[in-house]
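Please examine the structure shown below together with its sequence. The report that follows describes selected features in turn.

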Amino acid sequence: MMKNFPRTNIETQLLKSRNKRQSEDLFLKEIEAIFNENELRNEAILKKLENNDKKSTSNSLNFNLLESNRIFHISDIQKICIDYRLRFLSSSYFKAEITFEAIMAIRKLENDHSTSLSGFRIIAPARLFKLENADDPLLMAPMGNDYYYLVHKWGNDLHPFRKLLMWPFKQLENFIFSMFLLSLAITYLIPQEIFAHGGQQSTTEFLMILFFVFKWIGGLAIFYGFKKGKNFSESIWDSKYYNA
């Protein structure tokens, strides 16, 4: 006898229950209103990121809801930016795309803390503040007293050798030492018989060649640096100017 009874379709039962509660037209209008409200809030957050209030230095956050591994002091941010040659600038200077996940992270944080966030800053390579790219941006919100809260991170991780590659550009001393090592390597690669008498190069001759190679490398570096408006990482980590 059980074969005579049709199986229960839960989807059909759900639709019956919903339609009893309200008509389909009202239901669709309600859903549309929710989506419109979400869209408006997302646009408001995006506009706030693009027209960021650079004077904002603090947000009202519930301390008990904060994750300690997301809280960073300005000194920690400065060190990382210098080591990896990154910028720490207002989100209004950020020219790459702000991801949907980042906007959702802001909304979640605002909902959890019953507040409206402002003063956003982003840690990213300088080119991300000029060109569209996708290389490890970190969205931060100020907490006051030079502390920042990591709201969201997206994109790809940095190259594993970026810190090493950017070491020469940290400060002047690093740059001079790097030029000296490069000059030393080039000098060793120059065949001895070109400048040596009798095929055996003396220490004096080697040092003279090293001196001229170092001047050549230094001249090229200075020319390129001035032409491109480059500066050392410790001077530009929080500068909004390309040629700072």
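## Basis of the report

The model is predicted, so local features need pLDDT of at least 70 and side-chain atom pairs count only at pLDDT 80 or more, while totals for chains, interfaces and linings use all residues. Residues are numbered from 1 along each chain as its sequence is written, and side-chain values use heavy atoms, with hydrogens and water left out.

Helices (H or I, at least four residues) and strands (E, at least two) are DSSP runs, numbered from the N terminus.

## Paired strands

Strand β3 covers residues 121-124 and pairs with strand β2, residues 87-90, in the antiparallel sense over four bridges. Two strands are said to pair if DSSP finds at least two bridges between them. Within this pairing, Ser90 lies opposite Arg121 of β3.

β3 also pairs with strand β4, residues 138-144, in the antiparallel sense, here over three bridges. Ile122 has Leu139 in β4 as its bridge partner. In a regular strand, side chains alternate between the two faces of the sheet.

## Helix α3

Helix α3 spans residues 74-84, and its buried residues are Ile74, Ile77, Cys81, Ile82 and Asp83. Buried means under 20% relative accessible area, exposed means over 50%, and partly exposed lies in between (1.4 Å probe, protein chains only). After α3 comes Arg85, which has a positive phi near 50 degrees.

## Glu110 in helix α4

Where is Glu110 placed? Glu110 belongs to helix α4, residues 100-113. Glu110 counts as buried because its relative accessibility is 5%.

The side chains of Glu110 and Lys48 are joined by a polar contact of 3.1 Å. A polar contact is a pair of N or O atoms within 3.5 Å; within protein, one must be able to donate a hydrogen and the other to accept it, and residues adjacent in sequence count only if both atoms are side-chain atoms. Leaving aside residues up to four places away in sequence, Glu110 touches Arg41, Ile45, Lys48, Thr115, Ser116 and Leu117. Contact here means heavy atoms within 4.5 Å.

## Salt bridges

A salt bridge is a side-chain nitrogen of Lys or Arg within 4 Å of a carboxyl oxygen of Asp or Glu. By this rule there are four salt bridges. Side chains of opposite charge can pair when their charged atoms come close. One of the salt bridges joins Asp83 and Lys79, with the closest N and O atoms 2.8 Å apart. These two residues are about one helical turn apart, because they are four residues apart in α3. Asp83 is buried at 5% relative accessibility, whereas Lys79 is partly exposed at 48%.

Another salt bridge links Asp112 with Lys108, the closest N and O atoms being 2.8 Å apart. Asp112 and Lys108 are four residues apart in α4, which means a separation of about one helical turn. Asp112 is partly exposed at 38%, and Lys108 is exposed at 52%. A further salt bridge is formed by Glu67 and Arg70, whose closest N and O atoms are 3.6 Å apart. Glu67 is partly exposed, with a relative accessible area of 42%, and Arg70 is also partly exposed, at 25%.

## A nonpolar surface patch

Trp167, Phe177, Phe180 and Leu181 make a nonpolar surface patch of about 370 Å². Patches are made of residues with over 30% relative accessible area and no salt bridge; like charges are joined within 9 Å, and nonpolar side chains (Val, Leu, Ile, Met, Phe, Trp, Tyr) within 5 Å. Accessible areas come from the Shrake-Rupley method with a 1.4 Å probe; for residues, only the protein chains shown count as cover. Phe180 is found in helix α6, residues 172-189, and is partly exposed at 35% relative accessibility.
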